[in-house]
Amino acid sequence: DVIVSLDADFLGSGPAAVRAQKDFATRPRVDHPGPEMTRLYVVEPTLTTTGAKADHRMALKARDVHSFAAALASAVGAGGAAQTDSALPADAPKWISAIAADLRAHSARSIVVAAPTQPAAVHALARAMNQALGNVGTTITYGAPVVRSSADGIGSLRELVGDMAAGRVEVLIMLGGNPV
């Protein structure tokens with residue numbers, strides 16, 4: 001019912017963008033009211049597809065998203081800073097208070113999303129907020145973490161080349177990588 005995007009353009013990019021667009025489009029919005037209208041709050045440095053669809057959008061420097069997230073986490077009872085950073089806009093406390101109230105009113109029916117480009121601390125705050133709001137297991141499910149191989153990159157590449165030369169590799173698909 002309530003989505004908070006911390007610099008995350010989930011409707012415009014990323015591997016799940018098409019699914020997010022479909023899911024977002026099926027929910028009632030202001031232009032097509034229904035019993036449970038979705039509200040989208042976006043805090044971002046530049047206008048994105050997600051920001052263009054927002055009900056409420058705040059332009060904020062990427063480096064200040066952490067301060068905003070910390071203050072919001074505090075407001076929803078998920079840790080974080082008790083007061084907003086002085087670098088935040090003057091209207092940030094009003095925004096934080098309104099978003100926190102909306103999130104609390106929609107516990108287990110909301111989600112806080114952080115951009116992949118934001119630091120781990122912002123992701124930790126988003127996760128803490130989702131946990132505190134009861135979203136985990138309802139609007140959010142976590143999958144098993146992707147574990148990177150601890151093998152030496154050059155060594156594993158040499159091993160792959162050797163396997164290919166020996167004919168042990170019939171098909172090789174590279175996703176998001178360039179071995180050269």
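1. Arg19 and Asp23 are 4 residues apart in helix α1 and are therefore separated by about one helical turn, where helices (H or I, at least four residues) and strands (E, at least two) are DSSP runs numbered from the N terminus. The two residues form a salt bridge whose closest N and O atoms are 2.9 Å apart, a salt bridge being a side-chain nitrogen of Lys or Arg within 4 Å of a carboxyl oxygen of Asp or Glu. Arg19 counts as exposed at 55% relative accessibility, whereas Asp23, at 33%, counts as partly exposed; buried means under 20% relative accessible area, exposed over 50%, and partly exposed in between (1.4 Å probe, protein chains only).

2. This is a predicted model, in which local features need pLDDT of at least 70 and side-chain atom pairs count only at pLDDT 80 or more, while totals for chains, interfaces and linings use all residues. Residues are numbered from 1 along each chain as its sequence is written, and side-chain values use heavy atoms, with hydrogens and water left out.

3. A search of the whole structure finds 5 salt bridges, and one of them joins the side chains of Arg57 and Glu44 at 2.6 Å, N to O. Arg57 lies in strand β3 (residues 56-59) and Glu44 in strand β2 (residues 39-44), so the pair ties together parts that are 13 residues apart in sequence. Arg57 is partly exposed, with a relative accessible area of 30%, but Glu44 is buried, with 1%.

4. Another salt bridge links the side chains of Arg168 and Asp163 (2.8 Å, N to O). Here Arg168 counts as exposed at 59% relative accessibility, and Asp163 as partly exposed at 23%.
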